[in-house]
Amino acid sequence: MSTTTIVILGILGFGLLGIIGYFIMIYNGLISLKENIKKSWANIDVILKQRYDEIPKLISVCESYAQFEKGMLDRLLKARERYVRADGVKEKSKASNQISEALRSVFALAENYPELKANENFMQLQNRISHLEETLADRREFFNDSVNNYNIRIQQIPDVFVAGMLNYRQEEMFEVAEEERRDVKVDIKLPSFD
């Protein structure tokens with residue numbers, strides 16, 4: 001073998017190693033993004049489970065006030081059950097939004113019941129669930145950032161080729177319920193100084 005042949009084979013070998021290394025780097029990056037989505041969803045699921053566990057306590061406290069709206073509590077229980085049966089991000093997201101809406105209704109209705117609103121257990125549960133809702137909002141944002149980064153990467157060249165070989169498809173983001181997108185009407189009447 002001549003020196004030229006050895007040099008050419010060496011260059012081709014290093015080039016091939018470089019291409020393989022680059023492929024591995026892309027592959028590892030995509031795997032990291034995919035696993036990050038799973039982790040961020042698991043973090044959301046933990047908070048959803050905590051909120052799910054708090055709802056029966058809240059209902060129990062509310063039911064102790066006979067005049068409290070039974071229909072409101074039934075709606076909350078049904079939303080809770082939908083969450084248990086939900087499968088996948090889209091269904092869990094929808095069920096979570098229904099629970100959030102039902103909780104807001106319960107807390108708003110509690111304003112009409114001063115003795116319930118003054119109940120220490122109710123206040124603790126309301127604060128706990130409100131804290132869980134805030135944490136859930138933060139984790140939803142992180143989840144959506146993770147999904148967005150992944151969805152962008154699998155569409156960019158050269159990652160799109162590796163993603164295609166791995167059969168990676170776009171992931172769905174955690175969406176906000178339509179009711180939460182509506183504009184809130186605030187009607188403040190200022191005193192006139194006539």
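Phe107 and Phe122 are both buried, where buried means under 20% relative accessible area, exposed over 50% and partly exposed in between, computed with a 1.4 Å probe on protein chains only. The model is a predicted one, in which local features need pLDDT of at least 70 and side-chain atom pairs count only at pLDDT 80 or more, while totals for chains, interfaces and linings use all residues. Residues are numbered from 1 along each chain as its sequence is written, and side-chain values use heavy atoms, with hydrogens and water left out.

The structure holds five aromatic pairs. Rings of Phe, Tyr and Trp (for Trp, the six-membered ring) pair if their centres lie within 6.5 Å; planes under 30 degrees apart count as stacked, over 60 as edge-to-face and the rest as tilted. Phe107 and Phe122 form an edge-to-face pair, with 6.0 Å centre to centre and 75 degrees between the planes. Phe107 belongs to helix H3 and Phe122 to helix H5 (residues 120-153), so this pair ties together parts that are 15 residues apart in sequence. One aromatic cluster is formed by Trp41, Phe143 and Phe174.

The secondary structure comprises seven helices and zero strands; helices (H or I, at least four residues) and strands (E, at least two) are DSSP runs, numbered from the N terminus. Buried residues account for 34% of the 194 residues in the protein. Of the contacts (heavy atoms within 4.5 Å) between residues at least 6 apart in sequence, 75% join residues at least 24 apart.

Two packed helices are described by the angle between their axes and the distance between the axes. For helix H2 (residues 70-85) and helix H3 (residues 88-110), the axes come within 8 Å and cross at roughly 160 degrees. Axes are lines fitted to C-alpha atoms, for helices over the stretch in contact, and angles run from 0 to 180 degrees between N-to-C directions. H2 and H3 are therefore roughly antiparallel to each other, a term for angles over 145 degrees, with those under 35 counted as roughly parallel, 65 to 115 as roughly perpendicular and the rest as oblique.

Residues of H2 that meet H3 include Leu76, Ala79, Arg80 and Tyr83, and the H3 residues in this contact include Ala95, Ile99, Ala102 and Val106. By class, the contact has 11 nonpolar, two polar and seven charged residues. Arg80, in helix H2, counts as buried because its relative accessibility is 12%. Apart from neighbours within four places in sequence, Arg80 is in contact with Tyr52, Ile55, Pro56 and Ile99.

Technical notes. Nonpolar A, V, L, I, M, F, W, Y, C, P; charged D, E, K, R; others polar.
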